[in-house]
Amino acid sequence: MGKKINLAIFCLFYFGAGINHFWHPANYVKMIPPYLPYKEVINYVSGITEICCALLMSFPSTRKAAMYLIISLLIVFIPAHIYLIRLKGCVSTGFCFPEWVAWIRLFPFQFILMWWAYRTWKLCRT
């Protein structure tokens, strides 16, 4: 895939993911482990951060910062994925999916997204 196409898909993916935190906040809030306070704030900050990552990755001078921010954000999301696995993929009666999907979201998907951030930055350095 060409680097411009990869970059466009990457930015659209994170922009869309960030917007989704505002369109469907209840789904994200339910995925936040109960030991964390201010779940709504965490959700909105996560969405804003994903949108910012998409925008930062769009500009050559801020791509490296975007890559580090995205990887950091994905690491911060790991407890939510573990919590989702503990719930067997069902955070409420209206938001359930098979348990194996919860596992795939963590292993390997979360790490593939980290690699994609690094790869996108590396491809676009030149």
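Here is a short walk around the surface patches and cysteines of this structure.

Before you click, note that this is a predicted model, where local features need pLDDT of at least 70, side-chain atom pairs count only at pLDDT 80 or more, and totals for chains, interfaces and linings use all residues. Residues are numbered from 1 along each chain as its sequence is written, and side-chain values use heavy atoms, leaving out hydrogens and water.

Start by selecting Cys90 and Cys96: they form a disulfide, with sulfur atoms 1.7 Å apart (the rule is a pair of cysteine sulfur atoms within 2.5 Å). That rule gives a count of 1 disulfide. Cys90 is partly exposed at 32% relative accessible area, and Cys96 is partly exposed at 40% (buried is under 20%, exposed over 50%, partly exposed in between, with a 1.4 Å probe and protein chains only).

Now pick Cys11, which is in no disulfide; its nearest cysteine sulfur, on Cys124, is 8.1 Å away. Cys11 is buried, at 12%. Cys53 is in no disulfide either, with the sulfur of Cys52 nearest at 7.2 Å, and Cys53 is buried at 0%.

Next, show Phe13, Trp100, Ile104 and Phe109, a nonpolar surface patch with about 400 Å² of accessible area together. Patch residues have over 30% relative accessible area and no salt bridge; nonpolar side chains (Val, Leu, Ile, Met, Phe, Trp, Tyr) are joined within 5 Å, like charges within 9 Å. A salt bridge here is a side-chain nitrogen of Lys or Arg within 4 Å of a carboxyl oxygen of Asp or Glu. Accessible areas use the Shrake-Rupley method with a 1.4 Å probe, and for residues only the protein chains shown count as cover.

Finish with Lys64, Arg119, Lys122 and Arg125, gathered in a surface patch of positive charge (Lys and Arg count as positive, Asp and Glu as negative, with His and the chain ends not counted; a charge is placed at NZ of Lys, CZ of Arg, CG of Asp or CD of Glu).
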